[in-house]
Amino acid sequence: MRELRIRVLAGVFVVAGVLSWAGARLWNSIGTLPSVPLAAPIVLAVIAVILLATALSLRARLKAQRERRPGAKGVDPLMAARAVVFGQSSALVAALVAGMYGGTGVFLLESLDVPARRDQAVYAAFSVLAGIAVIAAAIFLERVCRLPEDDDDTTGAASTA
């Protein structure tokens, strides 16, 4: 399994942001603008919390297993691999969604004097922040599930548990 690359996530974010900004300008020329739902930052924040909780749980279980504590519950490699895949896919989707709402938010900065658009810009900003939190939690989860022998790997193609 390949590691998440920050450049890929940043590229997805930027491309989605530019396309969303252009789409918002086009949509506004027609006379309407799609709204940023209040649920967007909430859902992204919940995903970030789930990823962080999973990472912390796995890290504690792996530490107990390494220290050979009596009664330590081991980590199933398949479960760890599923967690990493969930984290990677969540990070890619979060980069796309955060870029999309970021582009819309940048467009909305032009009309902050309208209360409805100001609220939409705030929701967009919180969505971008929550998307960044998802990406950070996914990267942390991936680092937790990295195999110990991957630290000495100089090829850059690290495999995860």
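Ser127 is buried: its relative accessible area is 0%. The cut-off for buried is under 20%, so Ser127 qualifies. The model is predicted. Ser127 sits in helix H4. Leaving aside neighbours within four places in sequence, its contacts are Val36, Ala40, Pro41, Leu44, Ala98 and Tyr101.

## H2 against H4

Helix H2 covers residues 39-66, and helix H4 covers residues 115-144. The two pack at an angle of about 15°. Their axes are 8 Å apart. Angles under 35 degrees count as roughly parallel, so H2 and H4 are roughly parallel to each other. H2 passes H4 in a left-handed crossing.

By class, the residues in this contact are 22 nonpolar, three polar and one charged.

## H2 against H3

Helix H3 spans residues 77-108. H2 and H3 pack at an angle of about 155°, and their axes are 11 Å apart. The limit for roughly antiparallel is over 145 degrees, so H2 and H3 are roughly antiparallel to each other. Here too the crossing is left-handed.

By class, that makes 12 nonpolar, three polar and one charged residues.

## H1 against H3

Helix H1 runs over residues 6-30. H1 packs on H3 at an angle of about 35°, with the axes 6 Å apart. The crossing of H1 and H3 is right-handed.

The classes are 15 nonpolar, six polar and one charged.

## The largest nonpolar core

The largest nonpolar core has 23 residues. Those with the most contacts inside it are Leu51, Leu58, Ala91, Val134, Ile135, Leu141 and Cys145. H2, H3 and H4 are the elements that give two or more residues to this core. H4 gives the most, with eight residues. In soluble globular proteins, nonpolar side chains tend to be buried together.

Not counting residues up to four places away in sequence, Leu51 touches Phe86, Gly87, Ser90, Val134, Ala137, Ala138 and Leu141. Val134 and Leu141 are themselves among the core residues with the most contacts.

Ala138 is in helix H4. Its relative accessibility is 2%, so Ala138 counts as buried. With residues up to four places away left out, Ala138 touches Leu4, Leu51, Gly87 and Ala91. Leu51 and Ala91 are both on the list of core residues with the most contacts.

Ala138 and Val85 are 53 residues apart along the chain. Their C-alpha atoms are separated by 9.4 Å.

Are Thr104 and Ser89 buried or partly exposed? Thr104 is buried, with a relative accessible area of 10%. Ser89 is partly exposed, at 36%.

Thr104 has contacts with Ser20 and Val36, leaving aside its neighbours within four places in sequence. Thr104 and Ala22 are 82 residues apart in sequence and 8.6 Å apart in space, C-alpha to C-alpha. For Ser89 and Val46, the sequence separation is 43 residues and the C-alpha to C-alpha distance is 15 Å.

Note on methods
Residues are numbered from 1 along each chain as its sequence is written. This is a predicted model: local features need pLDDT of at least 70, side-chain atom pairs count only at pLDDT 80 or more; totals for chains, interfaces and linings use all residues. Side-chain values use heavy atoms; hydrogens and water are left out. Axes are lines fitted to C-alpha atoms, for helices over the stretch in contact, and angles run from 0 to 180 degrees between N-to-C directions. Helices (H or I, at least four residues) and strands (E, at least two) are DSSP runs, numbered from the N terminus. Angles under 35 degrees count as roughly parallel, over 145 as roughly antiparallel, 65 to 115 as roughly perpendicular and the rest as oblique. A crossing is left-handed if the near helix is turned anticlockwise from the far one by less than a right angle, and right-handed if clockwise. Ala, Val, Leu, Ile, Met, Phe, Trp, Tyr, Cys and Pro count as nonpolar, Asp, Glu, Lys and Arg as charged, and the others, Gly among them, as polar. A nonpolar core is a set of buried Ala, Val, Leu, Ile, Met, Phe, Trp, Tyr and Cys residues joined through side-chain atoms within 4.5 Å. Buried means under 20% relative accessible area, exposed over 50%, partly exposed in between (1.4 Å probe, protein chains only). Contact means heavy atoms within 4.5 Å.
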